[in-house]
Amino acid sequence: MVSGKRWIQPRKIKEGLKTEFIGQEINHFAEVTSTNDVAKELARKGAKEGTVVISETQTLGRGRLGRVWVSPQGGMWFSIVLRPRVTPKEASKLTFVAAVAVAQAIREVFGLDAEIKWPNDVLIGGKKVCGILIETSTKDGVVDFVVVGIGINANVSLDSFPESLRNPPTSLKEERMIEIEREGFLRALLEDVERYYTILVRDDFDLILEKWRRLASFLGKYVEVVSFDEKIRGRAVDVDSDGALIVKLTDGRIKKVMTGDVIVER
Ligand code: BTN
């Protein structure tokens, strides 16, 4: 088999997997439109909490704010079905759970200094290695299920990405200078997601935020935040208990931002 073209083996992920529910059921595909779409379809049909959908490639991978997510062979493109008993607003906190789990797993498994950038990017050396897309489905005003979509540039060459990307990405292969073993990493990551998810559902978001803050080295720096209708500049001070970014503007006013892109000024 050509190097880098080896497929992920779910059996190897499950070997020694220490979770109660996340990853106990893994659906693996060669190609799908988007693992989030497949996971939603399975969830609607009653898939169990913790079901994972993973694909070698995605033809219509989605990012936040309707962006395209480039998903070539060699990456880790997957989605997890969760059924938390929380309000739809609370469900958005899963972004923090996923970001902490990914950054933590990269640190544990590869010893790389992974950091988090609000709201949901994981970076290495300031370059994006992972994006997270949470999609919530509600029934009668309560959460029916949440799909946590995670895209990690694993054994991906940087020339797979369009040059037009404003922020150049990186990959684990690029940072380690060697191809990584995806199954072992996914096992560690699924265990971390379950650990932090369990903390969230027992209503301890403050503990997640504490871990998130320790991994968010952009806090305290000057940032530009671009959202739909405005662009603001100031110092990123903190995140609040709803997950909003708190920015101290250059004129001293405090502004809370719920959505947007952060550009960290170096
Ligand atoms: C972002 O940074 O904008 C979020 C990117 C999320 C990408 C992942 S890959 C697996 C899952 N399926 C998708 O279509 N998107 C998410």
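**Ground rules.** I am working with a predicted model, where local features need pLDDT of at least 70 and side-chain atom pairs count only at pLDDT 80 or more, while totals for chains, interfaces and linings use all residues. Residues are numbered from 1 along each chain as its sequence is written, and side-chain values use heavy atoms, leaving out hydrogens and water.

I then looked up its partners, where pairing takes at least two DSSP bridges. Strand β1 (residues 26-32) runs parallel to β2, with six bridges, and Phe29 has Ser55 as its bridge partner. Between β1 and β2 the chain passes through helix α2 (residues 35-44) in a right-handed crossover: the path over the helix runs clockwise with the strands pointing away from the viewer. Strand β3 (residues 76-82) is antiparallel to β2, with four bridges; here Ile54 stands opposite Phe78.

**Cores.** Next I looked up nonpolar cores (buried Ala, Val, Leu, Ile, Met, Phe, Trp, Tyr and Cys joined through side-chain atoms within 4.5 Å). The largest has 70 residues, and Phe78 and Ile152 are among those with the most contacts inside it. Helix α4 (residues 94-110) gives the most to this core, twelve residues. Another core, of eight residues including Val38 and Val53, lies apart from it.

Key. Buried means under 20% relative accessible area, exposed over 50%, partly exposed in between (1.4 Å probe, protein chains only). Helices (H or I, at least four residues) and strands (E, at least two) are DSSP runs, numbered from the N terminus.
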